[in-house]
Amino acid sequence: MSLRASRRKLPGSPRSSRRNASRVMRSALCAATLLALAVCVEVVAADMNKVVRHVFPAAEEGFDPAAAHDLYSGTVEQAIFETLLTYDYLARPSKLVPLAAQSLPEVSDGGRSYTFRVRPGIYFSPDAAFKGKKRELVAEDYAFSLKRLVDPKIRSPWAWLLEGKIIGLDELAAAAKKSGKFDYDARLPGLEVVDRYTLRIRLKQPDYDLSYVLAHEPTSAVAREVVETYADVGGRVMANPVGTGPYRLANWIRSSKIFLEANPEYRGFTWNFKAGSDPEDARIVAEMKGKMMPQVGRVEISIMEEDQSRLLAFQNGELDLMNLEGPLAPMVMNGASLSGEMRKKGVKLSRFVDPELSYHYWNMTDPVVGGLSKEKIALRRAMAMAYDVDEEIRIVRNGQAIEAQYPIPPGVVGNDPAYRSSVKHDATSANALLDRFGYKKGPDGWRTLPDGKPLVLRYASRPDSLGRQQDEMWKKALDSISIRMEVQKDKFTELLKLEKQCRLQMRTASWIADYPDGDNFMQLLYSKNIFQSNNACATIPEYDKLYEQSIRIPAGPERDRLYHEMARIIETYAPWRLGISRYRNMLIQPRVLGYKKHPILHSEWQYIDVDTTGKGG
Amino acid sequence: MYGYIIRRLWQMIPTLLGVILLVFLLFNWVGGDPAYVLAGKISSAEQIENIRRQLGVDQPYYVQLWIFVKQVLTADFGASWSTNEPVSHIMTTRLGPSLTVLIPYLILSTLVAMGLALAVAYVRGSLTDRAVMIVCTVGLSISILVYIIVFQYVFAYKLGWFPVQGWSDSFGQNLVVYGSLPIIILLVVSIAPDLRLFRTFVLDEINHDYVRTARAKGVSENRIMWVHVLRNASIPIITHVMAQVPGLLIGAFLVERFFSIPGIGREVILAVERSDFPVIKAITVYVAVATMVFTLLADLMYKAVDPRVQLK
Amino acid sequence: MPFDKPQHVISPSLWALAWKRLVASRVAMVSLGIVAAFLMLIALSASGLIAKDWARETGVNYAPPSFLGEDIEQAGQPAAPGGPISASDKPTELPIQDPLADAIADIRGEKKAPGSEAPSGESQTVDPLADVMADIRAKGTQATVAETRASTLPFGADKWGRDVLKKTIKGSETSIFVGLAAAFVATLLGTVFGAVAGYYGRWLDDFFNWFYSVFTAIPYLLLILAVAAVLQQKGTLTIILILGLTGWTGTFRLIRGEYLKHKGREYVQAADAIGASNGRRMFVHIFPNVSHVVLVQLSIYTVAFIKAEVILSFLGFGVPVDVVSWGSMLNEAQNELILGKWWQLAAAGTAMALLVTAFSLFTDELRDALDPKLK
Amino acid sequence: MEPLLSVRNLRVNFRLDEHTTFEAVKGISFDIPKNATVALVGESGSGKSVTSLSMLGLLPKENASVLPGSEIIYGGRNLAALDQTELRELRGADISMIFQEPMTSLNPVFTVGFQLTESLRLHLGLGPGAARKRAIELLAEVGIPDPEFKINAYPSQMSGGQQQRVMIAIAIACEPKLLIADEPTTALDVTIQKQILDLVAELQKKHQMSVLFITHDLAVVGDIADYLVVMRNGEIREQGPARTVFETPRDPYTKALLQCRPRLDRRPVRLPVIEDFMNGGGHTMNLAERKRGLAGSDPIILDVKNLGKNFYSREGLFGRRKFEAVKNVSFKLPKGKTLGLVGESGSGKTTVGLTLMRLHEASSGEALFEGKDILAMSPREFMDYKRRIQIIFQNPYASLNPRMIIGQILTEPMQIHGIGASAQERTELAFELLQKVGLPEVSFYKYPHEFSGGQRQRIAIARCLTLKPDILICDESVSALDVSVQAQVLNLLQDLQDEYHLSYIFISHDLAVVKYMSDEIMVMNQGAIVEIANSDDIYRHPRESYTRKLLSAIPKGWHHGA
């Protein structure tokens, strides 16, 4: 762990922060009266006339970091709240840097103890809950916020981030479940507030991913007064986010519009990120370097569910930033780059492979496809070979995806771009393999089980158009090896339930990195995670053994070697057929400066600027 | 009159009970279990159990039913499972935008379809009549989705007459700027079926004896259509329009989604996607009550139009 | 009833007269012709005479219609995923130990297992099928002759290269069948409920009216979604049931009204007077007199349900994956349209618009013919 | 003197379908003199209404056309050649019209005042106030009580007679020269009919206008007509001054119309029927008087005691309102005799019949059939008796199932009651009955819609006969029939009674018909019996004032010279 803050020490004393509100208002004055440049750079930050208009394709839930669990709520939370750590804006692969912490944690005790020092002089944005007092961010706030994740009353969807990790925390949650009251005042050995600014986290066993967890927005700091003032019966504060981040919620029309404005109490920082290998980075650095951040005073987020609406709104100039979802790509993209028309308009593209993996799994406990006997392995491998990922990318994904060769997608620590899977699309071999293991064809042309019983695969999918395309892909694949297939259609909620109960037979799932470490992916087949994240319900002793070894060592060549073997086990035993990783294509209007989509961070508004001179159109 | 209204309200009770029972049956009993979604990406059985307890779905069915009945009686459906937004707040905030679009639409569509129906019925049997009817039939066979996609693309994007989407805080702006294209689309979609229906209503009336009497009095054909026939034909039209209103609240979901209108329809689809039962159940019950109330209103309006109607 | 006189003596019934009126209408005959053509088409496709192989991928992906000519851009472009992956496609070498290798090798009488050249004892990975796979690979390397695929098809191909024309024909079969069958279910339920409620009145009427108001009070969309959730089974039957179980209310109201009206008619009283039982009065006497309403309802529903199938497909409760319908085609076509591949949308849309229009016009004419008062 | 209006060679065609046309009026000519009442008389299908509608250009333009060459001369202009705008100026102003059904002819959703002033403002250009004033005067003139109040009433709030008065007020509002009255009294009760007839006659004289009175019933116009035009099948059979036509009819059809109708003063064994006149005019009629009346010794087949029937309508939150349709009705029906049941609409006479059939559930009382109370029986027990009491309804178009052939209609009751051993036998029986009611065998294979009203009523009778009933309830069974057909059916009923000794309960509002058919007559009003007596007695010496009122309202036909 040699990551260091690449950010300069932030300017401005607490005193100057305190006057931040007037600073915002003064910005116009600054420009108008041409005060001394130095003064302006020192004080001028968010310009309320600089507006970024963003779009979400689905409704947000609310802005309680512990309670909301959708991506879009998280995106807004990241702008309002602050975690201890965050990622460097430009560094690729993603690199952790301190945010509310003064530096990266001191890790001791063989990865069992993490010590954070919260930067003094960070203040929550003013709120009635503070009764007019300025409220500084302290270590206790993080201890409180982390406890909230396991409070049974809040039923946080993020409890798993901390469960089974921090000494004493699980016991506290269990006690709360019994008593019905969560004791936030309890002193935990695992969550020790050493002094006003120091938090020490002690773990039950070594965990090298904790830093990532603490960069994940559910672990953002919320103030206890705010929670106590606004909490609903479920102990959640969905509508009154009060944080220390660069923005605050100005107006909110639920599931329609979210308006953010610069937080007057925000301390600000000077833009000083290092360009990476991407040639675009140089331009971004040139556009942004040295600016006092945040520049953008207001963020307007619209929720538009329909693809066409989003794209037309963007093309009409009603949006500044837009994530281009797969089906729309061919309208504005030409393979990997923007179409001529879009380029002519000056629209920019930020494109990379998402840290995401789609995989097709078989339920390893299912009597038809599950199990580790040779004939079952042969069946699964034949199916895996029958599937044509290339065609999926071409037809279903419109070319906006790459084939996943390795269970860890690009952009995630542990990914090996050189690794090549041994599973190839090869229906001939698949048929031969089935023939060999006695899956004979019946009189109707469909294969039967070796014991002569009928063989029907049940593929589960969601009732949307992607689900339908996946059905068709698998139908074609299984037709090519003469295996009969049925589709199990259900609402997502229902599928998820059946999946968690190991009652599906086969489904295509995807996993997006919560944090950019390979473990987030490799844990998906660990047998202890059955009923949780191990959708394939797989128990492969060899895999388990390797996995248990892997979590005991930090990322590095040693772990990579284990991961390689585990990848090969996945290919060999075929609980999964690896699918694809999608490209993320972020469309950027020319007036937006310094934008680059970060693979892990959700919101980048605090790192960008808007050209208000109008030349960008 | 008041006795009638009271009796009608009284009669709504069994219907409402039926709605409650059916809604409960469909959603609580067989409607699936959202606990796994709410639990997040990685969850333990214990967490699922905790969530189910928090939501109350681990209770015996009769207890859940009783809770639901109490919710309906107190009109307090609690809060959304996924956003914790009070359901009452959802209803009050989403209703405005829905109505901003629907009320002008309903008024316009009724007037336009009625006018056209009278005109077409006047020339019944002619080539114009047949041509209009065939165009209507063809128009009917095209999905609303196609209308929305094409109109948004052409009128909002290519021609730029309207914004592609959006909604503001100002009622006037919403109505004039953001609402107009959705209203136009709804109009275009509904004119064909309404015109066909209203035409039969008008034709029904044209064959009545009183039309012959009016003619024998020397009343002009125009006056016959616009005064004598219209008033009579408006009776079935009122029923039709009033019966439409509650369903439209939800039926307009496609338009609301495409044009980013924060209305009820969009909320329902969202709630269905999220399996957010408190919201679905509340909206269903509210719409059911609205349906009943609107039926009553239609009957009362009948009375205003048709003196023959005796409200007993 | 047996009558020994030859049939032709029996004079034209009301049905025959209605038919005569229908024949006299040109619109009715043209639309009936179109509907009949569709029915013939689906009879042929149902019997497997045409479009049996609709699922075969005979063209290239998105092969354009023949009248447009070959898509040069598409043909030339291998549609590269565009990933930066440049390394060879050969699987990464990893040490693999196969504990069964010896046994299987014994059986085969040779001694060769790929991966066994990696003797490192540190590896724990075991491929239980290693030898089998190797064997298959060794034998099965002869390149399978790739089917030659047409670069154009009469009406183009869908994304997988399936013939759009055949899909449309097969889709017609499904959609029309679904429409007819669901209409049958809905009309049957509506008619039986309506007849019982209207005929018997009293508490039965109250009960069915209650049932009716409850059903109509619940928004249709939610009802459909809920029923769809209840009937989790997949398949065409589900769609028929979803539509049928939720759609009966309109017929119910009409038929109830008709029965109420007819129950007081003199011919029914006359039947009562001669001692005809309730069942006989309901079905032998009244039913033939309201059957034209039922018939018109049936055809209105057929049209409505053919359209509803599209919406169901949109909501994800469409036909199963090995079945094609207009709904599934139109849904696919939405994404294709963005790519500029309009032909599937055109084919399915035109077929549907044509049938729906013809059917609706025919229904109108049928109504006029059966009930000549109107108009 | 120049006539007010002359019809010359009027021909009207109806298009039935694309190939068939039907000539409804076949070149007729007649005059309407000034200040006179012309009665246009004819049975259904004679073309009388078509003639009147064509005068105002009110024929349905979709399928009717006045053929070229037709002339309707009024004020020097040919109305048949005028366009709609010109006609519109005449309509309501010069020529106005009233119709058969006042209920449907008035617009239900507008007040009487609105509909009345509409004419006034349109043609006379009166302002709202003046029009209203005049409207009240008009309402008063046509005998609407309390016209200031009634002017704001809706048609539905008035009785049928008042509605027709309003129609008349509208028609005379603009002082027309010609009032066309198209069967204005047919839908009304006999007492109301008389009032309306008197009103029309009075107005005609007062306003010095001409009236074209269209009717199917010669008796109705006896009092008021100056001239008669008799039509049949689109042709004029005879026309001339009323006296001439009534007293010395030349045309056999006119003669038949005058003779076929039962008269109060005579009761022939058989009524003359139209064929008697049309086929060579050989008067082979049996004009002998039939004896009617009860002898005390007649065996009683049905003894009805204190019959009551209540209907309920909902009112208020839980309440219901009781309506007593039949109150405490008792009578005895002797075997082989006819009990006539007369009364105006709403008198409960039909309800009595339906209750005895158990088509309505009786609320109280008993009906002893051969000593057993058929009203108290279980449906199963009643099944045997059901057969023995049969009913013939009023509307022959509604009482036969239009989807069944006559064979099915006739064999069905036999099948249900197990009459006839086999289908073959039942079919033969049906043929026999068809013959009995005077229909050809081929009728067996036809549908009801192919028969005329009289024929259908015969079929209905045949259907009853299949069950060999003892009692036949004839509920207005001949009221809807044309006069000439009515006679045939009445004769048939007579014959059957003679042959099978049937007992009839003969319900009708037509006192002449009832008198002709009945041995005993029961007068009902508002659900209760007013008077019950031998038929001849009741006509000669009515005891109750209601009975007298009823009798005095009967149109007497031509009696100026008689």
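The model is predicted, with local features needing pLDDT of at least 70 and side-chain atom pairs counting only at pLDDT 80 or more, while totals for chains, interfaces and linings use all residues. Residues are numbered from 1 along each chain as its sequence is written, chains are lettered from A and ligands numbered from 1 in the order in which they are written, and side-chain values use heavy atoms, leaving out hydrogens and water.

**Chain D and chain C**

- In this pairing, 39 residues of chain D are in contact with 29 residues of chain C, contact meaning heavy atoms within 4.5 Å.
- About 3,100 Å² is buried between chain D and chain C, with 59% of it given by carbon and sulfur atoms; buried area is the accessible area (1.4 Å probe) that two parts lose on being put together, summed over both.
- Within chain D, the residues that lose the most area to chain C are R403(D), E412(D) and Y445(D), which together make up 24% of what that side buries.
- Two salt bridges are found across the interface of chain D and chain C, each defined as a side-chain nitrogen of Lys or Arg within 4 Å of a carboxyl oxygen of Asp or Glu.
- A salt bridge joins the side chains of K386(D) and D272(C), at 2.8 Å from N to O.
- On the side of chain D that touches chain C, α15(D) gives the largest share, eight residues, where helices (H or I, at least four residues) and strands (E, at least two) are DSSP runs numbered from the N terminus.

**Chain B and chain A**

- Here 50 residues of chain B are in contact with 50 residues of chain A, and the area buried between the two chains is about 4,400 Å², 48% of it from carbon and sulfur atoms.
- Y36(B), K41(B) and I42(B) supply 18% of the area that chain B buries against chain A, more than any other three residues.
- The interface of chain B and chain A holds three salt bridges, and R257(B) forms one with E306(A), the closest N and O atoms being 2.8 Å apart.
- There are also 17 residue pairs in polar contact, both at pLDDT 80 or more, across the interface of chain B and chain A.

**Domains of chain A**

- Chain A is divided into domain 1 (19–288) and domain 2 (357–580), with bounds that come from an automatic or database domain assignment.
- The C-alpha centres of domain 1 and domain 2 of chain A lie 37 Å apart, and 10 residues of domain 1 are in contact with 12 residues of domain 2.
- Between them, domain 1 and domain 2 of chain A bury about 940 Å², 62% of it on carbon and sulfur atoms.
- Zero salt bridges are counted between domain 1 and domain 2 of chain A.

**Disulfide**

- The structure holds one disulfide over all chains, a disulfide being a pair of cysteine sulfur atoms within 2.5 Å.
- The sulfur atoms of C502(A) and C537(A), which form a disulfide, are 1.9 Å apart.

Technical notes:
Polar contact = N/O pair within 3.5 Å; in protein donor to acceptor, adjacent residues only side chain to side chain.
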